[in-house]
Amino acid sequence: MHLAPAVTSADPFVPQLYRVDHVRRELTDTVTLELAPRQGSRPDYVPGQFNMLYVFGVGEIAISISGDRAAAGGFVHTVRDVGAVSKAITALEAGATIGLRGPFGTGWPVSAAEGSDVIIIAGGLGLAPLRPAIYHVLANRSRYGRVAILFGARHPEDLLYRDELAAWRQKLDISVEVTVDHASADWHGNVGVVPDLIRRVAFDPHETVAMVCGPEIMMRFSANALRDAGVAPERIHLSMERNMKCAIGLCGHCQFGPTFVCKDGPVMPLDRIARIFTVREI
Ligand SMILES: Cc1cc2nc3c(=O)[nH]c(=O)nc-3n(C[C@H](O)[C@H](O)[C@H](O)COP(=O)(O)OP(=O)(O)OC[C@H]3O[C@@H](n4cnc5c(N)ncnc54)[C@H](O)[C@@H]3O)c2cc1C
Ligand code: FES
């Protein structure tokens, strides 16, 4: 099954009206919202794509889709309060209206990874953009080789989707490794950085597809560890978060040479992304 990136059929510059159907507090500063279109049905998307969420009178920001594409209902987004717009989004209550443009961008290579071992590596909020890929791989488990999910957060209380993590850990046909940078007294799991987890799981480096999302330093170290283990750069996919405005390759806000992170990304293989990695946010 090939999943091609979905494109919105509406005018990509005009936010469509969505209703906040459900709000779930994940962490003190992070919520997950389900957004249903005021008219019509939710557009299709592929795991890894993002929407532009617009809070009227405040502003618009890029937010990855974190839900299950196969599930009925609206778009699911997990948002951390870091500034003006994200604060306004995390303060929304059920019934509120929000503007939404999308979906935009490229997806995780879930189709290309069929037949290969899969390593999914997430740091902090980076688990949100990867969650749709995890749902897809688990729903189509027989199409993949060995599957490993490696996840790290700063503290135990920063671990996202704790209930789901616990459920994934119960599965016998995937490896799930979780680590924290700083343990509390009641933490009995791994302590250390996520890239260190790579050596704990079995995979064939020549037949592995890796999907990595998190803070850039964590992605850089993870990519290096994967390369050291023998995984080719074109098999290592990362999601780049760069400031965006138009999200359709017109304004140049996210441009690095010939590459537009909004339309050539956010998910790109390491061999394409390596140069962008060396450039700080503009
Ligand atoms: C493709 C993509 C997917 C994203 N997915 C998610 C997601 O699923 N959940 C989520 O909470 N956030 C996500 N982000 C990040 C989100 O867009 C930013 O946190 C947001 O733009 C901050 O806006 P603000 O007005 O709330 O804060 P601001 O006041 O603009 O900024 C607050 C802080 O966040 C930093 N920042 C601002 N914009 C970005 C940006 N685009 N990327 C990274 N840091 C930024 C600033 O440097 C500053 O330190 C994504 C970004 C991109 C580009
Ligand atoms: S955000 Fe405008 S070109 Fe990418």
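A pocket, on a 1 Å grid over the protein atoms alone, is an open set of points where a 1.4 Å probe fits, with protein on both sides within 12 Å along at least five of seven lines. Grid points are joined across faces, edges and corners, and a volume is the space filled by probe spheres set on the points. By this definition the largest pocket has a volume of about 1,600 Å³. It is lined by 47 residues (those with an atom within 4 Å of a point), and the closest to its centre are Arg80, Leu125, Gly214, Pro215 and Glu241.

The structure is a predicted model, in which local features need pLDDT of at least 70 and side-chain atom pairs count only at pLDDT 80 or more, while totals for chains, interfaces and linings use all residues. Residues are numbered from 1 along each chain as its sequence is written, chains are lettered from A and ligands numbered from 1 in the order in which they are written, and side-chain values use heavy atoms, without hydrogens and water.

Several elements give two or more residues to the lining of the largest pocket, among them β3 (50–55), α2 (127–139) and α4 (216–228). Helices (H or I, at least four residues) and strands (E, at least two) are DSSP runs, numbered from the N terminus. The lining divides into 23 nonpolar, eleven polar and 13 charged residues; Ala, Val, Leu, Ile, Met, Phe, Trp, Tyr, Cys and Pro count as nonpolar, Asp, Glu, Lys and Arg as charged, and the others, Gly among them, as polar.

Ligand 1 sits in this pocket, meaning that more than half of its atoms lie within 2 Å of the grid points. Around ligand 1 are 19 residues (each with a heavy atom within 4 Å), and the closest are Ala62, Thr78, Arg80, Ser86 and Asn243. Strand β4 supplies the largest share of this shell, four residues. By class, the shell has eleven nonpolar, five polar and three charged residues.

A backbone N or O atom of Ala62 is 2.7 Å from an oxygen atom of ligand 1, and one of Arg80 is 2.8 Å from an oxygen atom of the ligand. For Thr78, a polar backbone atom lies 2.9 Å from a nitrogen atom of ligand 1.

The backbone also has some local features. Gly102 and Pro103 are joined by a cis peptide bond, with omega about 5°, and Pro103 lies in strand β6 (residues 97–104). Another cis peptide bond joins Gly265 and Pro266, with omega about 10°; Pro266 is in the loop between α5 (261–264) and β15 (267–269).

Note on methods. Polar contact = N/O pair within 3.5 Å; in protein donor to acceptor, adjacent residues only side chain to side chain.
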